[in-house]
Structures are given as structure tokens and as C-alpha cells.
Amino acid sequence: MSSLLRRLPTPMFVLSSRGRSLGCSRSDERVPRQGGRVLSGFGGAHCRREHTAAAAVEVELRKLRGEDDGIAEVVMCRHKARNALGHVFVSQMRVLVSTLSNADCAPRVLVFRSLVPGVFCAGADLKERALMDDTQSDLFVHGLRNLMTHIASLPMPTIAAMDGVALGGGLELALACDLRTAAYSAQMGLIETTRGLLPGAGGSQRLPRTVGVTLAKELIFTGKRLGGRAALAMGLVNRAVDQNEAGDAAYLEALSLAREILPQAPIAVRMAKEAMNRGTEVDITSAMAIERMCYAQVIPTRDRREGMAAFIEKRPPQYIGQ
């Protein structure tokens with residue numbers, strides 16, 4: 001337990017000195033509002049190894065600058081296959097998430113988004129899956145399940161921005177995030193039963209914990225697809241908005257949500273996430289003990305003292321993540 005509740009400082013990423021995209025792009029890409037500036041890259045040896053070995057970049061990390069410093073984005077851009085969860089895509093995502101798990105290079109808030117128009121993530125790469133035998137398929141899905149668990153365990157708040165289709169493993173990716181935004185026009189669902197399967201990357205467990213067991217059973221048994229309005233009404237997403245001409249309304253809403261989290265004390269936010277994530281998996285007595293242990297992590301921080309001082313002095317606090 002103590003290893004799970006260690007203090008989590010928040011220094012910034014080491015990014016590509018070139019300050020531009022390493023592979024993901026689209027012509028209508030927007031620069032974040034309020035003067036934010038985008039830099040990108042995996043950083044360090046991971047960057048050099050991944051981008052020299054791979055034929056194309058399908059997932060990359062971008063860090064925002066200016067007033068959005070502290071927000072990073074996981075950008076998915078496998079255009080030809082609609083961000084399907086193929087070997088290269090999953091491998092690049094695994095390297096990126098592993099890097100983000102390191103407290104020495106963690107942002108305060110992380111947004112998962114897509115640059116493929118009309119698509120968040122289309123789910124399994126069925127062409128690749130058809131070439132696997134039973135053992136290979138089982139091992140691949142097991143690795144995918146572990147990846148989603150790793151994403152769910154990231155220390156910072158994570159937000160999935162669904163501006164389009166999020167089916168099967170695509171919705172499972174979104175469910176592994178803490179928060180979700182969607183365009184009303186987005187389509188999402190765990191449709192595996194329509195393909196002779198069941199959700200295998202955590203969806204059969206995370207969907208009931210999100211919308212309730214009875215509703216989750218209906219959605220999985222029927223393979224039903226939902227729009228953004230229905231998803232909002234049942235609590236599957238936190239916010240839903242009309243789509244805009246650029247096709248990135250859910251991303252902009254996710255960015256707005258990230259900006260609401262950004263000013264808060266980062267260690268306190270991370271410990272709150274830890275307390276909720278661990279506490280909801282155990283009985284209430286054990287959960288209270290987890291809360292106490294998490295609370296103990298913030299008591300000696302400089303940020304706690306800054307918060308108290310700012311309140312007394314009637315000024316906004318300036319948190320540094322220490």
C-alpha cells in the first residue's frame with residue numbers, strides 16, 4: 001500500500017528540441033486557446049528508438065505551453081485504419097504510457113484525442129486479428145488489457161475526448177480514462193457480442209462501474225451503440241457538446257475541463273484520484289484507511305502551506321507540485 005501512496009512531484013517532460021510534430025498532423029489542427037503553444041515528442045531515448053524503428057507514427061505525446069503549461073495530449077493518428085488497435089499502435093501507446101508513469105516527467109492533466117476525422121478509436125484491428133491463431137489472439141488481448149489497466153493507473157487525471165466513433169476497444173480506452181467528453185454526433189459502444197466476442201480489454205468491468213451493472217449488461221448483451229446525448233444522460237461521459245465545423249468540439253471541451261483542473265494543487269489532485277480509485281474497490285472501513293494514508297501525503301507539502309497562506313492573504317494560490 002505504501003508504494004501506491006508515495007508522493008508524486010510533477011516536473012515537466014523532456015521534449016523534442018525541434019518543437020514540432022514527429023508524425024501526427026492534419027491540415028485543420030488548432031492551436032489551443034488562451035495563448036497555449038504545442039510542442040511534441042516522446043522525449044529522450046524513447047523518441048529516438050520509436051521513431052527510427054517505426055514506419056509511421058501512430059501515437060505521439062504533445063505538451064502544451066504558455067497558459068496551458070502542465071497539460072499534455074496523447075494524440076492518436078492512425079489515419080488509414082481509423083486508429084484501430086494494431087500491433088504498431090499498441091506498441092507505441094505502451095511506450096508512451098510507460099514514460100508517463102514516471103513521476104519525473106508527468107504532466108498535471110492528460111488528454112487523449114484523435115486527429116482522424118470522425119473517429120476516436122475504431123477498436124480492434126480485425127485484419128491483423130484474423131492472421132492470429134487462438135494463442136496469439138489471447139496473448140495480444142491480454143497485453144491490451146494490461147495496457148488499459150496501465151492507463152487507468154496513471155497518476156494524473158486523464159480525459160478522453162471522443163469527437164467520433166469509439167467502438168469496442170476504442171470505448172474501453174475511453175473507459176480507462178478518469179473523465180470523458182463527447183460530441184453529440186459521436187457513436188460509442190461495446191459491440192463485441194455482435195462479433196462473437198465479449199469486451200476483453202477491461203470493458204466488462206469498467207462499464208458496470210461507470211453506469212451501473214444492469215445498464216451495462218443491457219449495453220453489452222445487445223451491442224448497442226450510443227450517441228453523445230444518450231451517453232451523457234446515463235453518465236457514460238461527463239460532458240457532451242454539439243460538434244463544430246472543425247470536428248474537434250469534444251477535444252475543446254476536454255481542454256476546457258483540463259484547464260479547470262490545472263490550477264489545483266497537483267499532489268492533492270493525484271492523491272484524491274488514488275483515494276477514490278483504491279477506495280471504491282474495497283469495503284468502507286478499508287476505504288477510510290486509504291483516505292487517511294492519502295491525506296497524510298499532502299500534509300507536509302509546500303502546496304498545502306501555500307493554499308492556507310493564499311486563503312489568509314485573499315489571493316490566488318500558486319501551486320508548484322511540492
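1. Arginine 315 has a relative accessible area of 30% and is therefore partly exposed (buried means under 20% relative accessible area, exposed over 50%, partly exposed in between, with a 1.4 Å probe and protein chains only). Its side chain meets that of glutamate 313 in a salt bridge of 2.6 Å, N to O (a side-chain nitrogen of Lys or Arg within 4 Å of a carboxyl oxygen of Asp or Glu). Salt bridges with shared partners also join Glu58, Arg78 and Asp125 into one network.

2. This is a predicted model, in which local features need pLDDT of at least 70 and side-chain atom pairs count only at pLDDT 80 or more, while totals for chains, interfaces and linings use all residues. Residues are numbered from 1 along each chain as its sequence is written, and side-chain values use heavy atoms, without hydrogens and water.

3. The protein chain averages a pLDDT of 86 (the predictor's confidence in each residue, from 0 to 100), and 82% of the residues score at least 70. Over residues 1-22 the pLDDT is below 50, as over residues 27-54. Where pLDDT is low, the predicted coordinates should not be read in detail.

4. The structure holds 14 salt bridges. One of them joins glutamate 60 and arginine 62 at 2.8 Å, N to O; both residues are buried.

5. Arginine 239 forms a salt bridge with glutamate 253, with the closest N and O atoms 3.3 Å apart. The pair links distant parts of the chain, strand 10 and helix 9, 14 residues apart (DSSP runs numbered from the N terminus: helices H or I, at least four residues; strands E, at least two).

Conventions. Contact = heavy atoms within 4.5 Å.
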